[in-house]
Each structure stands twice: as structure tokens, then as C-alpha cells.
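Please look over the sequence and the model shown below before reading on. The briefing that follows is arranged by topic.

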Amino acid sequence: MAEQQDKYILKVEGLSVEYGPVKAVKNVSFDVLQGEIFGLLGPNGAGKTSTLSSIEGLVKFKTGSIIVDGQDVRQKPLHAKAAMGVQLQSTSFQPELNVVEILRLFGSIYGVQMDKGKIQEILKEIGLEDASAKKFSQLSGGQQQRVSLIIATIHNPRLVLLDEPTTGLDPQARRQLWERIEGIRERGHAVLLTTHSMEEAEAVCDRIAIVDHGQVIAIDTPQNMIDKYRNDPEVIAVSRRGKITLEDVFIALTGRAVRA
Amino acid sequence: METTIPKSSTALAALLRADFTTLFRNRRSVVLALLVPNIILISWKGLVKHAGGPFVLATGVVIGLMAIGLMGYTISITRDRDKGIFQRLRVAPLPTWTIMLSRIIVQLFMIMLLTLVVFVVGYQFDGILLSTGGYILTFFVAFIGGAVYLCLGQLIAGLVKNPETVNATTRLVYFLFMMTGMFGDIAQFSDMGKLGPYLTSMAHWSPYGCVKIMLQASMEPAKWGHDNNVALMASVAYAIVFAAVGIKNFKWESR
């Protein structure tokens with residue numbers, strides 16, 4: 001088990017991303033292990049999405065290296081993309097296509113045979129048997145998230161990237177999504193997610209990295225991070241109810257100022 | 001665990017299936033795109049004996065090509081870019097060229113469909129009948145002409161990010177081309193003064209003019225001459241320049 005835990009699925013080293021004169025990500029390094037849910041936390045504009053976009057191959061990074069399941073994303077982009085499943089911040093499929101057509105499209109793109117039986121099995125798994133003929137634009141937010149997540153995992157990838165997966169969901173849908181994310185981990189996949197929700201990070205993440213101004217300022221398990229900063233005067237100063245939470249640590253580390 | 005990378009042809013086939021389904025679901029806008037050139041054909045019936053059948057058919061086809069290339073293609077790719085649909089496809093293991101090629105094939109199908117409908121309506125309502133060679137050559141030229149406007153659409157979508165601005169720009173260019181066409185046509189029949197020859201020449205060699213004179217000649221292959229060869233080369237050059245700038249500057253997301 002210890003040997004398996006040491007195997008990283010994603011390794012990011014010295015990553016820097018620049019948009020013209022703006023340095024969005026500065027020398028970021030972290031890795032995500034097999035069977036681990038890793039959270040990337042940070043205020044708006046901290047560099048979370050730029051980091052994720054670099055891994056996904058959407059952004060050309062200036063320096064550093066990214067290895068996904070042994071594949072360098074620069075040298076073998078298609079191999080790296082095939083090893084990962086992605087749920088983007090805003091769900092985005094052709095609004096004219098229905099659920100079955102979307103499943104067929106992405107099944108073919110990821111090289112997964114999508115016969116009627118397989119499609120029915122997926123629809124049952126995500127509780128959309130009655131909505132199979134509905135167009136994506138006609139689904140509720142929670143249903144769209146479920147379709148988006150199943151598309152991200154349709155090819156059984158080693159690494160699943162989720163960009164703020166629970167934004168805009170009601171508590172029931174959020175809990176259900178957490179269970180699905182934990183289910184991904186139980187199947188041995190690694191998950192990298194970004195979130196603004198400290199509750200989410202504490203509830204589902206095995207380890208978290210706090211990112212600010214394009215740099216990683218802390219990496220640890222949520223509980224270790226709380227324990228480590230419990231007696232920090234800044235953390236105590238921002239604590240609201242006497243009990244130190246991950247949110248207190250986060251605000252103490254990233255500052256109280258509201259970001260754009 | 002082995003990672004599977006599907007063949008480009010498999011990915012392209014899947015994209016084509018999805019894009020043709022999207023086209024079918026948007027069939028109202030397809031009908032509207034086909035309507036404009038056919039309204040021209042029907043309303044210009046009296047002009048056939050003065051200007052000739054090929055002139056009227058060519059005008060109908062070129063206006064349809066502009067509507068598909070400039071309005072249809074540009075607006076659809078701008079909408080999908082704004083919604084993040086391209087980004088979702090780009091994170092999948094498929095070459096990015098397959099995404100655009102699929103869209104272009106769908107539009108070329110629309111161009112062929114439009115040309116066919118214009119031929120049928122032209123025959124039914126205006127009694128315009130071409131030779132077999134004329135029909136074949138016109139399909140080929142419509143393909144080239146369609147490529148000019150698709151590439152121009154690509155250029156606009158490449159240079160302008162905001163969907164509203166793209167929409168306004170395509171409408172403006174569409175209007176300018178219509179005016180250029182009208183000016184060129186008027187200039188054939190009236191005295192435009194000292195500037196006349198220069199303006200006529202500009203209208204003649206504009207993307208609108210080149211495509212139109214090619215189309216007109218293609219319907220009567222015997223009349224195809226040096227001027228049409230130059231227009232064909234100019235059209236190919238327009239397409240290459242528009243495509244090169246449009247692809248080089250194309251941004252996959254609108255933010």
C-alpha cells in the first residue's frame with residue numbers, strides 16, 4: 001500500500017505561466033499520488049485555473065514540466081490528454097445535442113465503445129434514464145454537472161481534473177457530487193480539484209495546496225494544516241468562533257483583502 | 001493501464017456526426033439561409049431576359065455563399081468559443097485541426113446544398129437551364145467561392161473575440177459586399193463619371209466581384225476566359241490570405 005501511495009500520477013515541477021507582462025503562475029511544484037484527492041485552493045486570480053489549464057494543455061507554460069501518468073504534456077500531449085479526464089469550470093457541450101448524443105460523441109473521441117447497453121448503464125448510474133432525450137441546455141445545473149463528470153471519467157482515466165466542480169450546486173447535489181468524487185478515488189484514480197469552498201476541501205481532499213499570487217504557499221493535509229497554524233497569532237485573529245478552521249488558516253495565509 | 005488515443009479519422013467522424021446533428025437541429029436557420037438567394041431569384045424574374053440567366057443565378061449563389069460563410073460559420077464558431085465548447089473538445093485527445101475541419105465540412109455541405117437549391121428554383125421559377133458542364137463547373141466554382149467567404153469568416157472570428165462585435169462586423173462586411181455588388185452591377189449599365197472605371201475595377205476585383213464573375217462564367221463554360229482565370233487565382237489568393245491570418249490569430253476562448 002505504501003509503495004502504491006508513493007506512485008505519483010501527476011508531477012508538476014517549476015511551472016511558470018505568463019500572459020504578456022502578467023506572471024500568473026510562478027515556479028509552482030506539487031504532485032498528486034495514485035488514489036489521492038488533491039485540492040488546489042486560492043483566492044480569485046491566484047493562479048489555480050492557469051495551473052489547471054497548463055496541465056490540460058489549454059495554456060502554453062513558459063517554464064517547468066508537467067508529467068501525467070508518465071507522459072510529458074509538452075512532448076506527448078495526446079497521450080497525456082488520454083490519461084486524464086477533465087471537467088471544466090463551466091460545463092460546455094453543444095446545446096443542441098441530447099445526453100445520449102453527447103455520450104456517443106465523447107465515447108468515440110476517447111475511444112470507448114458506446115453501444116446501447118453501455119449508454120443505458122451510464123444513464124442509470126447518473127440517474128438520467130428519463131432525461132436521455134433531453135438536450136444538454138434543458139438539464140438542471142445538478143444534472144449538467146453529473147453529465148459533465150461522467151464524460152470526464154468515461155474512459156477510466158488515471159487522473160481526473162475538476163475545476164470548481166460544486167459551484168452553483170444546492171447542498172444535496174453537492175453532497176452527491178462529493179460521493180461521486182470519492183468513488184473515483186476508490187477506483188484508484190487520482191483527482192485534482194480546485195475549489196473556493198473550505199468545507200469541500202476539508203470534506204473530500206486528502207491533501208491541499210494553498211496558492212496565492214501564482215505561488216504555492218502551503219501543502220499538507222487539511223488537518224495538518226490546521227494543526228500547524230493553530231497557534232499562529234494571525235490565524236487566531238481571524239478566527240470567528242474560537243474553533244480554528246481551515247478557512248481561518250486560508251484567510252490568515254492569503255490575507256483578508258477581497259480579490260477581484 | 002494503457003491509454004487509448006483514437007485515430008484522427010474516428011474523432012473526425014464523431015465530430016462530423018455531432019456537427020451535422022447540430023445543423024439539423026438548427027434547420028430553421030438553414031431554411032432562412034437558403035431563403036434569401038431564392039427570394040432574389042424569384043423577384044428578379046423580369047431581369048433574366050435583360051441580364052441573362054447566369055447573371056441572376058450567380059447573384060443568388062454569391063449572396064447565399066456570403067450568408068453561409070460570413071454569417072452562419074462565423075456566428076456558430078464564435079458562439080461555441082464563447083460557451084467554452086471548443087475548450088471542452090481541446091482537452092480531449094484529438095488533434096485540434098479535426099475540430100475546425102469538421103465545422104468547415106458542414107459549411108461546405110451547406111454551400112453545395114444552397115447551389116443545388118438555387119439551380120432548382122432558378123429552373124422552376126425563372127426557366128433558367130444550364131448545360132451539364134455548366135452545372136458541374138458551377139458546383140466547383142461555388143466550392144471555391146464558398147471557401148473565400150468561409151476564410152473571410154475565419155479572419156473575422158480570428159481578429160475579433162467578442163461575439164457581439166463579431167456579429168456586428170459580419171453584418172457590416174455583408175452589407176459592404178452587397179453594396180459593392182450593387183455598385184458593380186449598376187456600373188455595367190450606367191455612366192459613373194471620371195471615377196467610374198476605378199470604382200468599377202475595385203468592385204470587379206473585390207472578393208464579391210471575383211466570386212461573382214467566376215460563377216457567372218462557370219454557368220456558360222464556353223465563355224470562360226482570361227478574366228475568369230485571373231478571378232479564380234485572385235479568389236484562391238483571397239482564401240489563402242484570409243485563412244492564414246484568421247487561423248494564426250484564432251483564439252480558442254473568448255475571455
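What follows is a short account of domains, sheet, cores and the chain contact.

The model is predicted. In chain A, the domain assignment gives domain 1 (2-83 + 160-254) and domain 2 (93-156), and 24 residues of chain A are in contact with 23 residues of chain B.

**Domains of chain A**

- The centres of domain 1 of chain A and domain 2 of chain A, taken over C-alpha atoms, are separated by 27 Å, and the contact between the two domains takes 8 residues from domain 1 and 6 residues from domain 2.
- On the side of domain 1 of chain A that touches domain 2 of chain A, helix 7 (residues 171-186) of chain A gives the largest share, 4 residues, while by class that side divides into 6 nonpolar, 1 polar and 1 charged.

**Nonpolar cores**

- The largest nonpolar core has 80 residues, and those touching the most other members are Leu10(A), Val68(A), Leu159(A), Leu161(A), Val191(A) and Leu192(A).
- Both domain 1 and domain 2 of chain A give residues to this core, so it lies between them.
- Leaving aside residues up to four places away in sequence, Val68(A) touches Leu10(A), Ile55(A), Val73(A), Ala80(A), Ala83(A), Met84(A) and Leu159(A).
- A second, separate core of 57 residues includes Ile40(B), Leu41(B), Val121(B) and Val141(B).

**Sheet of chain A and its helices**

- An open sheet of 6 strands in chain A has the order 6-7-8-3-9-10, with mixed pairing.
- Strand 6 (84-87) and strand 10 (215-220) of chain A stand at the edges, each with a single partner strand, so one side of each is left without a neighbour in the sheet.
- Neighbouring strands of this sheet are turned against each other by 15° on average, direction ignored.
- Strand 3 (residues 37-41) and strand 8 of chain A pair in the parallel sense over 5 bridges, and Leu41(A) has Thr195(A), in strand 8 of chain A, as its bridge partner.
- Helix 2 (residues 48-56) of chain A lies across strands 3, 6, 7, 8 and 9 of chain A and runs at about 145° to strand 7 of chain A, whereas helix 6 (residues 141-152) of chain A touches strand 6 and strand 7 of chain A, making about 165° with the direction of strand 6.

**Arg187(A)**

- Arg187(A) lies in the loop between helix 7 and strand 8 (190-195) of chain A, and it counts as exposed because it has 10 C-beta neighbours inside 10 Å.
- Although Arg187(A) and Gly35(A) are 152 residues apart in sequence, their C-alpha atoms are 7.6 Å apart in space.

- Helix 3 (77-82) and helix 4 (99-109) of chain A each supply at least two residues of the side of chain A that touches chain B, a side with 11 nonpolar, 8 polar and 5 charged residues.

Key. Residues are numbered from 1 along each chain as its sequence is written. Chains are lettered from A and ligands numbered from 1 in the order in which they are written. This is a predicted model: local features need pLDDT of at least 70, side-chain atom pairs count only at pLDDT 80 or more; totals for chains, interfaces and linings use all residues. Domain bounds come from an automatic or database domain assignment. Two residues are in contact if their C-beta atoms, placed from the backbone, lie within 7 Å. Ala, Val, Leu, Ile, Met, Phe, Trp, Tyr, Cys and Pro count as nonpolar, Asp, Glu, Lys and Arg as charged, and the others, Gly among them, as polar. A nonpolar core is a set of buried Ala, Val, Leu, Ile, Met, Phe, Trp, Tyr and Cys residues joined through C-beta atoms within 7 Å. A residue is buried if 20 or more other C-beta atoms lie within 10 Å of its own, exposed if 12 or fewer, and partly exposed in between; C-beta atoms are placed from the backbone. Two strands pair if DSSP finds at least two bridges between them. Axes are lines fitted to C-alpha atoms, for helices over the stretch in contact, and angles run from 0 to 180 degrees between N-to-C directions.
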